[in-house]
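Let's take a friendly look at the aromatic pairs and the ligand surroundings here.

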Amino acid sequence: MRHRIAVIGGGPAGLTFARVLHRHDHPVTVLERDPAPDARPPGGTLDLHENLGQVALDKAGLLAEFQALSRPEGQAMRILDTDGTVLRDWQPRPNDLANPEIDRGQLRDLLLAPLDVQWGRGVTEVQPGTRNGVLVRFADGRQETYDLVVGADGAWSRVRRAVSSATPHYTGITLVETSLDDVDTRHPDLARLIGDGSVAVYGANRALVAQRNSGGHVKVYARFRAPLDWHTDPDRHLGLNRRAGLDLADVEAMRSSLLALYDGWAAPVLDLLRHGTAFVHRPLHVLPVSHTWAHVPGVTLLGDAAHLMPPLGVGANLAMLEGAELAEAVATATGDLDETVRAFEEQMWARAGRWAEITAAGLERLVSPDPTEALAVFDEVQPS
Ligand SMILES: Cc1cc2nc3c(=O)[nH]c(=O)nc-3n(C[C@H](O)[C@H](O)[C@H](O)COP(=O)(O)OP(=O)(O)OC[C@H]3O[C@@H](n4cnc5c(N)ncnc54)[C@H](O)[C@@H]3O)c2cc1C
């Protein structure tokens with residue numbers, strides 16, 4: 001039976017869901033708020049795990065294409081002390097395909113290829129239980145009804161309100177992202193420091209991580225403990241010796257504030273900030289660990305909309321696996337659609353709950369008053 005299915009959001013969750021339904025010849029409407037695929041920078045690199053994201057790609061029939069595009073060498077990881085001493089220098093074995101990296105833009109294009117996404121269709125509200133099914137209202141005033149509406153609309157999901165009153169809360173840790181271009185030619189010393197994969201430096205209550213993307217692009221993530229409004233009074237909150245509040249859009253003010261925050265760290269590490277081109281402020285929010293809801297017929301959630309957790313390498317993986325599993329279940333279901341969705345939710349909640357606990361504890365240890373905690377996390381998860 002062909003159900004009227006809409007997925008709200010064209011991120012990893014929504015696109016994987018749609019792509020697997022497409023593989024099963026099941027129609028699906030993909031509704032995305034962005035006006036075009038390249039309306040925003042796609043973001044950094046993602047490592048797709050062999051038991052999570054890669055399973056999803058296999059279900060979508062895209063594993064071979066992923067392997068051709070992805071960067072197994074990007075799994076390399078170097079850890080430095082704040083004085084620049086190399087503490088760990090881990091290289092993947094040849095043919096190690098456990099967690100290869102792929103640029104988000106490449107992954108999006110891979111998933112997107114045959115899909116007919118409706119761009120510029122921001123959803124404002126989802127109302128279950130109407131006579132014709134689940135009503136979806138759009139920012140442009142239009143409305144449509146479906147048998148199943150899948151909320152894959154990320155951290156600040158509009159669909160979530162139809163099933164749950166939960167909202168994300170601040171973790172106490174903020175991330176500021178910057179990037180470097182053409183690192184091999186413009187900053188060869190930094191290129192060597194970063195290597196083929198990532199370099200991470202952990203100090204007390206702060207960390208810096210730089211990750212190589214394809215084409216000589218590098219993303220740098222400064223993570224630090226701070227109140228949500230730290231930038232309104234950086235001196236009081238972080239001792240940055242700055243009288244005025246910090247304008248988050250002022251690139252030079254952000255750069256000098258971060259350099260002050262990481263003052264005393266090795267010069268090559270600070271160069272990652274010194275050469276950064278723009279600074280994006282991303283306070284880290286999460287949903288409550290083990291977020292669940294009383295099942296609502298005709299509506300469900302996937303990915304960050306269901307279980308926003310700290311960005312420690314699993315969010316997109318889970319989002320994709322859930323998308324693939326729900327699509328497969330819906331496409332092959334012989335019984336009641338709603339029972340299929342209910343069973344999927346139970347499975348999603350159990351797995352996501354475990355990962356939410358792991359990543360919440362991981363974030364606390366990676367941005368800890370005691371930097372040896374971060375090294376211990378690395379040693380626990382990284383095969384020697
Ligand atoms: C800095 C950083 C690094 C990360 N690194 C990793 C990593 O290495 N590995 C990993 O697995 N995860 C990583 N994550 C987490 C990962 O990015 C997310 O978990 C993942 O993107 C979630 O996918 P999603 O499809 O659920 O949501 P999103 O990627 O947020 O996609 C949601 C989509 O919905 C659209 N949308 C939103 N609202 C509406 C609306 N009202 N109407 C229509 N469309 C809407 C948005 O435009 C967007 O396209 C990282 C996160 C961050 C912040």
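Searching the whole structure turns up 3 aromatic pairs, meaning rings of Phe, Tyr and Trp (its six-membered ring) with centres within 6.5 Å, where planes under 30 degrees apart are stacked, over 60 edge-to-face and the rest tilted. One of them joins Phe224 and Trp230 edge-to-face, at 5.2 Å centre to centre and 90° between the planes. Phe224 is buried because its relative accessibility is 0%, and Trp230 is buried at 2% (buried is under 20% relative accessible area, exposed over 50%, partly exposed in between; 1.4 Å probe, protein chains only). Tyr262 and Trp265 are also edge-to-face, since their centres are 4.8 Å apart and their planes at 90°; both residues are buried.

This is a predicted model, in which local features need pLDDT of at least 70, side-chain atom pairs count only at pLDDT 80 or more, and totals for chains, interfaces and linings use all residues. Residues are numbered from 1 along each chain as its sequence is written, and side-chain values use heavy atoms, with hydrogens and water left out.

Now to the ligand. Its polar contacts (pairs of N or O atoms within 3.5 Å) include these:

| Residue | Protein atom | Distance to a ligand oxygen |
|---|---|---|
| Asp47 | side-chain N or O | 3.4 Å |
| Asp304 | side-chain N or O | 2.7 Å |
| Gly315 | backbone N or O | 3.3 Å |

The protein covers 85% of the 1000 Å² of accessible area that the ligand has on its own (Shrake-Rupley method, 1.4 Å probe).

Key. A polar contact is a pair of N or O atoms within 3.5 Å; within protein, one must be able to donate a hydrogen and the other to accept it, and residues adjacent in sequence count only if both atoms are side-chain atoms.
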